[in-house]
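Thanks for coming, everyone. I'll walk you through one structure today. Please have a look at it first.

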Amino acid sequence: MTTLLALDFPPVSHVTEWPAIALEGSPLEINKVVILMWVSAALAFIFMWAAGRNFQMVPGRLQGAGESFVEFIQNGIILQTMGKDGLGFTPFLGTLFIYVMICNAWGIIPALQMPVTARIALPALLAIMVWFVFNIVGVIKNGLGGYLKSVLFPPGVPLALYILVTPIEFVSVFFVRPLSMAVRLFANMLAGHLLLVSFAVLTTAMFEFFPLAAILPGAVLIAMTLFEVLVIFLQAYIFTILAAVYIGGAIHPEH
């Protein structure tokens, strides 16, 4: 689209879709995004493995970073949403947080510059996984009948209002929760990615036309990149804390 000020902004598909590297046209097609997903999983595993492989009473830097991370997950997320009963979910929620954060972070890595979570497939897969976890936990803790009763017939509601409340709760728990988790993460990361691309294109075009004219869009680009660092962490935190809230609600439906 050749538009404003004769700048050529790439269409959305050109900054979110990447050519196939292998198995083109098949459901198992491999491209840049797929490779970044694999690298993210490997980095998350390597960090946790390296931090805990040689436990010492006086922790080194890597062990200290791992212990601080675990304390953050437990004190900052689990105890705030699930109570002590949720500490057993530390490995799951910790893995979820660090994996989402690494997948988000690719958006500001030079030459890569593509947050994996800006493609809906990965947020949807993670949200579906959380959906299975909190529903299975709810059934295990309360039995199938008890869990469905707690979900569809929340206590304290006048009997006549169940005609209205029960369908709403059914749609909310079994459809809206995973959908909102996936869309929230995807939309925020895609919006940030498009803003960075737009200001990068604008800065480059201005610099080629008149270098001093690139100062303002360049400064905005730097500010947006720094803000994106906060978004990377914040979106991982929100996704993880929502997972903890849903699992905690399944464990303690009376709350």
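Let me start with what I mean by a helix here. Helices are DSSP runs of H or I, at least four residues long, and they are numbered from the N terminus. Keep that numbering in mind, because Phe-233 and Tyr-237 sit four residues apart in helix α7, and that separates them by about one helical turn. An α-helix has 3.6 residues a turn, so residues three or four places apart point the same way.

Now, what does this pair look like? Phe-233 and Tyr-237 form a stacked aromatic pair. Their centres are 6.2 Å apart, with 10 degrees between the planes. Phe-233 is partly exposed, at 34% relative accessibility. Tyr-237 is partly exposed too, at 23%. Both belong to a cluster linked by ring pairs, together with Phe-47, Phe-69, Phe-72 and Phe-97.

A word on confidence. This is a predicted model. The average pLDDT is 88, and 93% of the residues score at least 70. Among the elements, α4 has the highest mean, 96. Helix α1, residues 12–16, has the lowest, 66. Where pLDDT is low, the predicted coordinates should not be read in detail.

Back to the rings. How many aromatic pairs does the structure hold? There are 13. One of them is Trp-131 with Phe-132, and this pair is edge-to-face. The centres lie 5.1 Å apart, and the planes make an angle of 90 degrees. Trp-131 is partly exposed, with a relative accessible area of 23%. Phe-132 is also partly exposed, at 44%.

Next, the core. The largest nonpolar core has 49 residues. Those with the most contacts inside it are Met-82, Leu-93, Phe-134, Met-181, Phe-239 and Ile-247. Which helices supply it with at least two residues each? They are α2, α3, α4, α5, α6 and α7. The largest share, twelve residues, comes from α7.

Take Met-181 as an example. Leaving out residues up to four places away in sequence, Met-181 touches Ala-127, Val-130, Phe-239, Leu-242, Ala-243 and Tyr-246.

On to helix α2. This helix runs over residues 32–52, 21 residues in total. From first C-alpha to last, α2 reaches 30 Å, close to the 30 Å expected. At its start, a side-chain oxygen of Asn-31 comes to within 3.1 Å of the backbone nitrogen of Val-33. Val-33 is one of the buried residues of α2, and Leu-36, Ser-40 and Ala-44 are among the others. What covers these buried residues includes α3, residues 61–81, and α4, residues 90–105.

Two threonines to finish. Thr-90 is in helix α4. Is Thr-90 buried or exposed? Its relative accessible area is 11%, and the cut-off for buried is under 20%, so Thr-90 counts as buried. Its side chain makes a polar contact with the side chain of Gln-74, at 3.3 Å. Apart from residues up to four places away, Thr-90 also touches Val-70, Ile-73 and Ile-78.

Thr-203 is in helix α6. This threonine is buried, with a relative accessible area of 15%. A polar atom of its side chain lies 2.7 Å from the backbone oxygen of Phe-199. Setting aside neighbours within four places in sequence, Thr-203 is in contact with Ala-214, Pro-217, Gly-218 and Leu-221.

That's my tour. Thank you.

Key
Residues are numbered from 1 along each chain as its sequence is written. This is a predicted model: local features need pLDDT of at least 70, side-chain atom pairs count only at pLDDT 80 or more; totals for chains, interfaces and linings use all residues. Side-chain values use heavy atoms; hydrogens and water are left out. The expected span of a helix is 1.5 Å times one less than its number of residues. Buried means under 20% relative accessible area, exposed over 50%, partly exposed in between (1.4 Å probe, protein chains only). Contact means heavy atoms within 4.5 Å. A polar contact is a pair of N or O atoms within 3.5 Å; within protein, one must be able to donate a hydrogen and the other to accept it, and residues adjacent in sequence count only if both atoms are side-chain atoms. pLDDT is the predictor's confidence in each residue, from 0 to 100. A nonpolar core is a set of buried Ala, Val, Leu, Ile, Met, Phe, Trp, Tyr and Cys residues joined through side-chain atoms within 4.5 Å. Rings of Phe, Tyr and Trp (its six-membered ring) pair if their centres lie within 6.5 Å; planes under 30 degrees apart count as stacked, over 60 as edge-to-face and the rest as tilted.
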